[in-house]
Structure formats: C-alpha cells, structure tokens
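I opened a new notebook page for this structure. Below are my entries, in the order in which I looked things up.

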Amino acid sequence: KVLAVRSVSQGILTGDKATAPSVTQSVDQSGVLVVSVAPAAGAAPLTGEGLLLIIEVEALAAGEGSLTFDAGKVHLIATDGRTVRAKVSASRIKVTQ
C-alpha cells in the first residue's frame, strides 16, 4: 500500500454548521472507502456548487497509487427521488522520498 485514507469530513458547501449534512464513513481492509452524506434533520436540501467532502490521505511508502471513484457505485439522489449522475475520474499519485 502506498496511500491510506486518514479522515473524511464535510466540506464548505453549507456555511451554517447547524444545517450541515452528517457525514459517515468506513474503510475496509482492502482500502475501499464508503461515504454517506445525509442532510441534517429539518435542513433544506443541498443545492449549488461547492466542496462537499474533504478526503485526507497519508503517504505510507514510496511508489505509485491511485484514488478511484467507481461511477457505478457513486449514488446521488435528488430530493424528488431522481438519480443525479456524478462525473468521476481517477487520479494517479506518485509518492517519492
């Protein structure tokens, strides 16, 4: 392993902490990160553009690694139940010492 996910936190899409969405996450032994973002109780739906998540990674060793978002497993749902298509792309990361 070259990289490890160390934390996932909410971005600054909403400026109000009281209405900020809740973020839960888990990482399995193979390094797959599962994240869920849900609006706060009684909060208005998220709208607009902005930073939704901050994913902090740590370099564990020299070498090449990747961050990949599986488009088939990224699920966004609008407040009216429609599926929202996400654009995802892979990133290659080279760690040197």
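I started at Gly48. I found Gly48 in the loop between β3 (33-38) and β4. Strands here are DSSP runs of E with at least two residues, helices are runs of H or I with at least four residues, and both are numbered from the N terminus. Is Gly48 buried or exposed? Gly48 is exposed, with a relative accessible area of 70%. My cut-offs: buried is under 20% relative accessible area, exposed is over 50%, and partly exposed lies in between (1.4 Å probe, protein chains only). From Gly48 I looked across to Val74: the two are 26 residues apart in sequence and 18 Å apart in space, C-alpha to C-alpha.

Before going on, I noted what kind of model this is. It is a predicted model, in which local features need pLDDT of at least 70 and side-chain atom pairs count only at pLDDT 80 or more, while totals for chains, interfaces and linings use all residues. Residues are numbered from 1 along each chain as its sequence is written, and side-chain values use heavy atoms, with hydrogens and water left out.

Next came confidence. pLDDT is the predictor's confidence in each residue, from 0 to 100. The chain has a mean pLDDT of 80, and 97% of its residues reach 70 or more.

Then I took in the whole chain. I counted eight strands and zero helices. Of its 97 residues, 11% count as buried. The C-alpha atoms fill a box of roughly 45 × 30 × 25 Å, taken along the principal axes. I also looked up contacts, meaning heavy atoms within 4.5 Å. Of the contacts with a separation of 6 or more, 60% are between residues 24 or more positions apart.

Back to Val74. Val74 sits in the loop between β5 and β6. Val74 is partly exposed, at a relative accessible area of 28%. Which residues does Val74 touch, not counting those up to four places away in sequence? They are Phe69, Ala86 and Val88.

I followed Phe69. Phe69 is in the loop between β5 (63-67) and β6 (76-77). Phe69 counts as partly exposed because its relative accessibility is 46%. Phe69 also belongs to a nonpolar surface patch of about 340 Å², made with Ile55, Val57, Leu67 and Val88.

Val84 was my next stop. Val84 lies in strand β7 (residues 83-84). At 35% relative accessibility, Val84 is partly exposed. Leaving out residues up to four places away in sequence, Val84 touches Leu76, Ile77 and Ala78.

Last, I looked for salt bridges (a side-chain nitrogen of Lys or Arg within 4 Å of a carboxyl oxygen of Asp or Glu). How many does the structure hold? It holds one. Glu58 pairs with Arg6, and their closest N and O atoms are 2.4 Å apart. This pair links distant parts of the chain, with Glu58 in strand β4 and Arg6 in strand β1 (residues 3-10), 52 residues apart. Glu58 is partly exposed at 35% relative accessible area. Arg6 is partly exposed too, at 47%.

Technical notes
Patch = residues over 30% accessible without salt bridge, like charges linked within 9 Å, V, L, I, M, F, W, Y side chains within 5 Å. Areas by Shrake-Rupley, 256 points an atom, 1.4 Å probe, with all protein chains shown as cover.
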